[in-house]
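Here is a short briefing to read alongside the model.

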Amino acid sequence: MTSRERNLIIVVSTVIICGLLYLGYSNHFFQNLVVMSPNNQLQNYEKTRYTLANKWNIMAKNRAVTKTLQRVNKSFLPFKNTKEAKLRLLKKIEKLIVNAGLAVNQKRMLDISEKIIGVTLEGTASSQVLFSFLHSVAKDKLCLKLNRLQLYSLPSKNALNYRIIISTLLIDEEGKAP
Amino acid sequence: MLKMAKMATIVSIDSGILSIVEVIPAQDHACRITNYYQVELPTDSLTPARLQEIWQKKGFSNKKISLILPSESVKYRSLTLPILPEEELQRALQLELEDSINDFQNYTYQVISQSIQNQMNQVKIALVSNSILNHYYTLFTEAGLIFKGASLHLRGNQNFINYQLGFLDNETVQFYLDIASNKTEIVVFKGREILYNRQLNSTEEELMLQVHPEIIKDFNDELRLSLIYYQKSNPANTLPKQFWGFGRVFAYPKLVQDITSILNKELVSLDTEKIQGIEKTEDLFSLVPLIGIALEEIRYINPTQRYFISEKQRKTELKNSFWQQGLVWATLIIIVLTGFFLIFKGEQIREQKKIKWLQSRKDILQKLQQTMFDTKAKQAKLDKLVTWTSTQGRELQFLNTLIKHLPVGTTISNISMEEGLLKDLAGSTPSVSRLLQKLKRVPELARLKLKGNIIINESGELFHLEEEKGNKGVSP
């Protein structure tokens with residue numbers, strides 16, 4: 001390599017390096033291109049594209065969940081009017097008692113927690129009647145649950161002494177389609 | 001196969017005749033002369049304007065030319081040097097020339113032949129004055145032509161013969177007679193080695209007109225003596241039976257017959273199929289050296305030496321090459337920087353487009369995000385309710401299963417369940433172990449375990465069972 005060629009290479013290399021440094025300094029070229037510094041707006045770009053591409057899926061899923069929730073909500077009493085809810089629960093229980101022919105000595109409304117109300121029933125009944133009642137409770141459209149079940153056999157009377165707490169959940173008015 | 005389409009234009013100024021020939025490669029390794037021109041023109045009359053006029057009027061398209069130097073401009077020297085390594089030989093040659101030629105610095109030289117004889121290096125060189133080279137360089141440059149360099153008449157003839165012999169650098173002894181308008185040249189060569197060359201004063205005009213019988217007689221004698229001298233000095237390289245003849249003279253059968261009888265050798269007939277585009281045979285004979293140099297340029301003959309280039313031309317070319325290189329580098333730098341700039345700019349534009357796109361979809365995105373959040377909340381609520389619902393009727397199912405799987409003779413006296421979990425199951429059975437064993441077989445009852453002591457009375461074994469924690473009833 002002659003000295004002229006060497007000098008030429010040095011000059012050219014210097015110009016290229018200076019040019020690159022200038023680009024890097026003035027325009028954050030390297031930060032943007034090489035280091036890929038975080039740019040919030042651009043970081044969201046891919047996420048947004050994905051979200052928009054799934055637009056119909058998102059809407060469909062929401063509709064499906066809302067519909068199911070509306071259907072399930074029908075099995076529970078609303079929270080906004082607790083008194084009315086208690087009354088409706090009591091009426092429902094009484095209807096089931098009458099239908100089953102269950103002898104009840106004592107019944108009492110119960111606030112189990114803020115959103116769970118219940119009814120305590122005590123009495124003596126034959127196992128067939130009691131089981132028929134429990135069956136109708138389990139199958140009722142209103143979601144009733146046995147919170148407590150205590151049975152004592154009375155062999156002399158061929159009957160069962162029972163104490164049960166039937167509860168249900170109070171829910172907020174939700175599930176309307178957006 | 002066709003060689004790369006390349007045109008070579010060769011100019012010769014010799015014996016007061018200006019010859020120009022343009023040659024291109026043709027099929028089957030033939031070459032085609034696309035244009036040629038010959039005119040009697042004294043050297044003094046050759047001016048840039050005249051050259052420009054010829055180029056324009058005679059339709060020469062190529063501006064890059066090579067020159068065949070006039071014979072009188074070239075001096076030949078034979079030197080005998082010891083056998084040395086190449087570098088040292090070149091140095092010794094330089095010293096020898098500096099010693100033997102007073103104004104050596106005014107000359108450019110080239111080794112035209114080198115061989116070893118009698119344990120010594122026999123070197124033949126051609127010398128050309130720098131002032132002559134500068135003159136031609138200036139002449140052609142001022143005429144708007146690109147002067148590539150100057151070559152030798154001798155080299156052109158040698159190339160032509162090699163081409164005629166099939167492109168190979170033949171290693172046989174060849175002998176040619178070139179009768180020009182101002183001299184006759186006898187050359188014997190082997191490959192690239194010039195074995196013998198001599199110039200005679202006889203001219204083509206004298207031979208063609210045959211006005212002076214004495215001159216003809218002298219020519220005959222000179223020719224014979226030259227060949228005898230050669231053969232005595234080169235006994236190892238016997239002259240071939242045929243010789244090559246160049247010059248207009250050889251277009252005339254009568255003269256050919258005379259010369260062949262003098263030499264007692266046959267004239268090689270040229271393979272004219274290899275040279276296309278020549279109208280008259282006599283033109284071909286006079287254009288031989290030009291065609292020979294053109295063959296080198298169109299790469300039909302391997303180039304063996306560089307052209308003679310004057311110091312002035314060398315400096316100018318070096319300067320031009322420096323600026324050309326500088327220009328190339330500058331262009332490259334500009335391209336690279338522009339590339340970087342465009343990449344960066346492109347990136348910026350892409351980013352801006354993305355940002356704009358994001359902004360244009362901000363509302364719909366917000367709605368979708370809200371919907372997703374709503375779906376998530378509702379799903380959580382739904383999961384909770386489904387969990388609650390799933391425990392409905394669990395106690396009844398448990399009791400039914402229990403009653404179904406109680407062993408015979410077992411009675412239940414007391415059951416207590418809370419939140420779906422069996423707290424206490426009391427009763428009597430003939431065998432508690434059998435009872436437990438049976439219950440274990442039922443998955444729903446397998447978690448029941450004995451609680452407290454087993455009391456044995458007349459009705460059987462009294463027991464208390466409870467459900468292991470872990471299967472706790474679900475609370476909302």
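This is a predicted model, and the mean pLDDT of chain A is 84. In that chain, 84% of the residues reach a score of at least 70.

**Confidence along chain A**
- Helix α2 (residues 29–35) of chain A has the lowest confidence in the chain, with a mean of 52.
- Strand β3 (residues 116–125) of chain A has the highest, at 94.

**Make-up of chain A**
- Chain A contains 6 helices and 5 strands.
- Read from the N terminus, the order of its elements is α-α-α-α-β-α-β-β-α-β-β.
- Chain A has 178 residues, and 22% of them count as buried.
- Taking the contacts in chain A between residues at least 6 apart in sequence, 63% link residues at least 24 apart.

**A helix pair in chain B**
- Helix α4 (residues 153–164) of chain B and helix α8 (residues 281–297) of chain B have axes that come within 7 Å.
- These axes cross at roughly 75 degrees, so α4(B) and α8(B) are roughly perpendicular to each other.
- On the α4(B) side, the residues in contact are B:His153, B:Arg155, B:Gly156, B:Asn157, B:Gln158, B:Asn159, B:Phe160 and B:Tyr163.
- Their partners in α8(B) are B:Val288, B:Pro289, B:Leu290, B:Ile291, B:Gly292, B:Ile293, B:Leu295 and B:Glu296.
- Sorted by class, the contact between α4(B) and α8(B) is made up of 8 nonpolar, 6 polar and 2 charged residues.

Methods. Residues are numbered from 1 along each chain as its sequence is written. Chains are lettered from A and ligands numbered from 1 in the order in which they are written. This is a predicted model: local features need pLDDT of at least 70, side-chain atom pairs count only at pLDDT 80 or more; totals for chains, interfaces and linings use all residues. Axes are lines fitted to C-alpha atoms, for helices over the stretch in contact, and angles run from 0 to 180 degrees between N-to-C directions. Helices (H or I, at least four residues) and strands (E, at least two) are DSSP runs, numbered from the N terminus. Angles under 35 degrees count as roughly parallel, over 145 as roughly antiparallel, 65 to 115 as roughly perpendicular and the rest as oblique. Two residues are in contact if their C-beta atoms, placed from the backbone, lie within 7 Å. Ala, Val, Leu, Ile, Met, Phe, Trp, Tyr, Cys and Pro count as nonpolar, Asp, Glu, Lys and Arg as charged, and the others, Gly among them, as polar. pLDDT is the predictor's confidence in each residue, from 0 to 100. A residue is buried if 20 or more other C-beta atoms lie within 10 Å of its own, exposed if 12 or fewer, and partly exposed in between; C-beta atoms are placed from the backbone.
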